[in-house]
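Take a moment with the sequence and the model below. Then follow the paragraphs through the structure.

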Amino acid sequence: MGHQKVRTNIGNATAKEILTVTTVVGFTVATIPQGCVSAHCTLTGADVRYYYDGSTPTTLLGHLLSQPASFDVVGENAIKNFKVVAVSGTATIVVTYELEG
């Protein structure tokens with residue numbers, strides 16, 4: 001399993017979204033609050049590959065994350081440049097955006 005730490009009071013949760021991942025997607029720009037410093041995510045349904053430098057992952061290339069897992073994308077540039085694709089099937093990522101707090 002991915003890292004399983006429970007997060008409390010790390011930042012101020014301000015917005016959320018649910019990503020359905022089959023093909024390449026990123027966070028929805030209109031949903032990311034101004035000044036967002038981290039995105040706390042939970043992955044279920046399928047394994048994924050991702051990059052956070054703006055590169056486009058494929059089903060064979062990218063950081064592999066096996067479900068179920070939780071992970072954090074930290075920093076404005078990493079959040080803006082995050083892209084993910086399901087290795088096969090359909091993955092669901094629940095995202096909570098946080099301001100520094």
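What volume does the largest pocket have? The answer is about 210 Å³. This is a predicted model, where local features need pLDDT of at least 70, side-chain atom pairs count only at pLDDT 80 or more, and totals for chains, interfaces and linings use all residues. Residues are numbered from 1 along each chain as its sequence is written, and side-chain values use heavy atoms, with hydrogens and water left out.

A pocket is found on a 1 Å grid over the protein atoms alone; it is an open set of points where a 1.4 Å probe fits, with protein on both sides within 12 Å along at least five of seven lines. Lining residues have an atom within 4 Å of a point. Grid points are joined across faces, edges and corners, and the volume is the space filled by probe spheres set on the points. The lining of the largest pocket includes Val29, Ile32, Pro33 and Cys36. Helix α1 (residues 76-81) gives the most to this lining, with 3 residues. Helices are DSSP runs of H or I, at least four residues, and strands are runs of E, at least two, numbered from the N terminus.

Now turn to the rings. The structure holds 5 aromatic pairs. Rings of Phe, Tyr and Trp (its six-membered ring) pair if their centres lie within 6.5 Å; planes under 30 degrees apart count as stacked, over 60 as edge-to-face and the rest as tilted. Why is the pair of Phe27 and Phe82 stacked? Their ring centres are 4.6 Å apart and their planes are at 15 degrees, so the pair counts as stacked. This pair links distant parts of the chain, 55 residues apart. Phe27 sits in the loop between β2 (25-26) and β3 (36-44), and Phe82 in the loop between α1 and β7 (83-86). Both are buried, meaning under 20% relative accessible area (1.4 Å probe, protein chains only).

Phe27 has another partner. With Tyr97 it forms an edge-to-face pair, 5.6 Å centre to centre and 85 degrees between the planes. Tyr97 lies in strand β8 (residues 91-100) and Phe27 in the loop between β2 and β3, so the pair ties together parts 70 residues apart in sequence. Tyr97 is buried too, with a relative accessible area of 0%.

A cis peptide bond joins Gln67 and Pro68, with omega about 0 degrees. Pro68 is in the loop between β5 (63-65) and β6 (69-74).

Notes
Buried < 20%, exposed > 50% of the residue type's maximum accessible area, 1.4 Å probe, protein only.
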